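Here is a short report on one protein model.

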Amino acid sequence: MPLLFQDFVLQYFPDIFVAGMKYVIGLAFLITCVAARTQPREVDLSTQWKVYQSGQYLPFTNQQTQVVHLALTNNTPRGVLQITDRNEFSVFVDGQLVWRQTDTLLVNTDSLLRVKGGATQLSIFQTPLVYSLQTRLILADKQSTDFNALRPSNYFSNFIISVTLLLFFFFVALFRANPQLMFDYLNVIKLLSLQERDDATVTGRIGASINLLYFAFVSLMFALLLLVLFHQSADRFAISTYLVTKSVAGSYAVWLLVSGIVFVILMVKLLLIFIFSQLFGLRDIVRFQFFHFVRLLFIASVGLGSVLMLFFIFNFNNPSAYATLVSITATVIILSIVFLFLKLLGRTGLPVFHLFSYLCTSEIIPLIILGKVLLF
């Protein structure tokens with residue numbers, strides 16, 4: 001049934017699909033540009049941090065400390081102070097403990113300064129040391145200010161928009177080159193079906209040039225999504241500290257590096273599948289198993305990218321939500337192993353323990369190692 005539906009769509013609706021896809025791409029680009037233009041401004045207040053040393057307040061220059069101090073006065077623009085950290089922190093207002101929080105704390109500076117008579121000092125305490133703490137002042141888009149803190153560059157938004165356009169063009173080119181193969185990679189029914197058959201006319205050889213282009217596209221797209229998630233999750237994952245850049249060029253360099261790593265991981269996975277399939281006597285499932293994983297990665301990336309686009313359109317900046325998306329993506333990949341197990345069980349007719357041992361060595365253990373590196 002999925003194959004008949006796919007042939008029907010290819011026969012009667014290719015032009016409609018292409019026209020609709022162009023419309024969606026144009027609309028997404030327009031909405032993304034409008035959303036990026038109307039986002040409220042964020043001022044990084046870490047340049048205003050002070051530390052108390054030798055009886056005086058000194059500028060914070062990455063000293064090892066448990067407490068940083070931040071002064072708010074009438075000269076401070078009115079807005080929302082956003083304090084974020086993946087570890088628990090305590091906020092003292094003029095020496096009195098007011099908040100203890102993990103994740104994100106939002107403070108209305110206008111209300112706080114009105115209560116405190118126009119001037120106050122916040123002291124943020126952490127155990128053991130201040131490491132990944134972030135303080136931002138979110139201002140209304142039209143608010144003018146002479147505040148001496150530097151407005152952070154919107155380099156990351158520019159990077160996301162430009163890379164998304166490049167990937168859209170790449171996607172359209174791949175579709176026009178082989179529409180049937182695109183449908184096969186995005187076939188959710190085939191991904192979840194336990195009766196899937198290996199259609200050699202669609203997937204072809206793993207080393208075919210068109211398949212290598214799809215592997216490269218999936219690597220580029222998945223790497224971009226990882227960078228966005230790690231950037232927006234406010235340093236909840238240790239690896240995100242190695243992906244910090246301050247320019248569009250730096251972001252492109254990191255993106256290409258991560259894309260290359262993802263592509264290498266795909267090739268290493270293919271090698272592992274080949275080696276263990278030979279050891280376990282499952283020589284006929286190499287292509288089937290590898291294309292199952294690539295299809296999963298492709299569909300998961302499209303779904304995750306759609307969710308992130310909605311987050312950006314509606315200016316949803318909760319770091320916990322982005323961290324949750326990482327966990328959901330990891331869960332989906334783990335659940336896919338269950339479907340793969342059921343598929344191979346009906347396809348090979350091998351004993352359950354034999355097949356489970358094979359999947360442990362070729363799928364589960366490598367994923368655990370990769371998850372340990374990425375998420376902790």
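The model is predicted.

**Overall make-up**

The protein has twelve helices and eight strands. Of its 376 residues, 41% are buried. Take the contacts between residues at least 6 apart in sequence: 76% of them join residues at least 24 apart.

**The α8 and α11 pair**

Two packed helices are described by the angle between their axes and the distance between the axes. Here the axes of α8 and α11 come within 8 Å. They cross at roughly 140 degrees. That angle makes α8 oblique to α11, because only angles over 145 degrees count as roughly antiparallel. The crossing of α8 past α11 is left-handed.

| Helix | Residues in the helix | Residues making the contact |
|---|---|---|
| α8 | 209-232 | F222, L229 and Q232 |
| α11 | 319-348 | P319, Y322, L325, V326 and T329 |

By class, six residues of this contact are nonpolar and two are polar. None is charged.

**T329**

T329 lies in α11 and belongs to the contact with α8. Leaving out residues up to four places away in sequence, T329 touches F222 and L304. F222 is one of the α8 residues in the helix contact.

Terms used
Residues are numbered from 1 along each chain as its sequence is written. This is a predicted model: local features need pLDDT of at least 70, side-chain atom pairs count only at pLDDT 80 or more; totals for chains, interfaces and linings use all residues. Side-chain values use heavy atoms; hydrogens and water are left out. Axes are lines fitted to C-alpha atoms, for helices over the stretch in contact, and angles run from 0 to 180 degrees between N-to-C directions. Helices (H or I, at least four residues) and strands (E, at least two) are DSSP runs, numbered from the N terminus. Angles under 35 degrees count as roughly parallel, over 145 as roughly antiparallel, 65 to 115 as roughly perpendicular and the rest as oblique. A crossing is left-handed if the near helix is turned anticlockwise from the far one by less than a right angle, and right-handed if clockwise. Contact means heavy atoms within 4.5 Å. Ala, Val, Leu, Ile, Met, Phe, Trp, Tyr, Cys and Pro count as nonpolar, Asp, Glu, Lys and Arg as charged, and the others, Gly among them, as polar. Buried means under 20% relative accessible area, exposed over 50%, partly exposed in between (1.4 Å probe, protein chains only).
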